[in-house]
Amino acid sequence: PKGALLVSGVFYLFMFAILFPHYQYQIDPDGFSYIGISQKYLRGDFANAINGCWGPMISWLLIPFLAVGFKPLIGFKILTGLIGLFTLLQCYKLFQKLPIHPNLYLPSLLITAFLSITFALTLVAPDLLFAYFGICFLNQLLDYYDAQKKSIVIWIGITGALLFLTKNYGLPFFIITFSSIFLIIFLRKSMKDQRLNLVAHYGIGMLFFGGISFIWIYLLSNKYGYWTFGNAGNYNHQVFGPNSLGHPMFYVGLLTPSNPTATTVMEDFSYISVPEWPALEYK
C-alpha cells in the first residue's frame, strides 16, 4: 500500500507538470468570480469581498499565492494541484480503513490521481477542495466509529464548517450526514451511559460546526439585510425553471455588476432579478 501511494503520487506530479502548460490559461465563468473575490480580500475591500453566492474558502487559500506575486490564474492552478495531491493522500487513508485487497490499492489510487488532475486543471472552482474536505469528513467518521473520542468529534465539527465555507450546500450536507450517522450509532448502542456519551459528543461536534459557521452566516446576513447562509440556491432554482429563458444576460443584455470593482455581473448574482416559479404548484 505505501508503495502504491508513492507510485500514484509520482504519477500525479509527473502528469500535472506535463499537462500544466496546456491548461494554465483555461478558465470558466465561475473562476472569474473566485479570483476577483480573492483580489478584493488582498486589497482590503472586505465589504464587497463578503459574498453569498460563492464560498469563500478557495478565495482565502488563493490569497497567499497572489500576495507573493503569482498571476491569478497560474496561482489558482497551482493551488488546486496541491489540493489534488492532499486529496490523493486522504483517499489512501480511506482505503486503509476499508476491506480493500492490497493489489487494488495501486489501480484505485491511480484512478483517484487521474480524477484529481482532471478537476485541478480544468475547473477554476472549489469542487476538488470540497471533495478533499468530504473525504476528510468520511475518514473522521470512520475513526470516531472505532474509537469514539471527543477529540475526533471536534475535528469533525471543524471539517463540517470548512465544507460549508467551501460551498454553501456544505451546511445542509454536513448537518444531514452527521446527524444520520450518529443516529445510526445511537440506535446500535444499548447501554444508557453509551448513549448519553454519544449525545454529548454529537452536541460538541455541532457546537464547533455551528460556532464557526455562524460567524460567516452573520457576516452574510448583515450584508444582505436578512438571515441567509447563501444565495446561490435561490438564483439557480429560478434560472433553471421550466419556463425560464436562462441567465438574464442572454436575453436582457448588459447588466450592471453588483459593485464597482466586480469583474463580472456574476460575481454576486443575488442582485439580478429573475422570474420566480412555484415548484410545489407547478404541473
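The following is a conversation about how some terms are applied to a predicted model.

Modeller: Residues are numbered from 1 along each chain as its sequence is written, and side-chain values use heavy atoms, with hydrogens and water left out. In this predicted model, local features need pLDDT of at least 70 and side-chain atom pairs count only at pLDDT 80 or more, while totals for chains, interfaces and linings use all residues.

Colleague: Why is T87 called buried?

Modeller: T87 has a relative accessibility of 3%, and buried means under 20% relative accessible area, exposed over 50% and partly exposed in between, with a 1.4 Å probe and protein chains only, so T87 counts as buried. T87 sits in helix 5 (residues 72-97), where helices are DSSP runs of H or I with at least four residues, numbered from the N terminus.

Colleague: How do you know that the buried residues of helix 9 are on the same side?

Modeller: Those buried residues are G170, L171, F174, F178, F182 and I185. They cover an arc of only 100 degrees around the axis, which puts them on the same side of helix 9; the arc is that of the directions from the helix axis to the C-beta atoms. The face turned away from this buried side carries the exposed residues I176, L187 and R188.

Note on methods:
Helix = DSSP H or I, 4+ residues; strand = E, 2+ residues; numbered from the N terminus.
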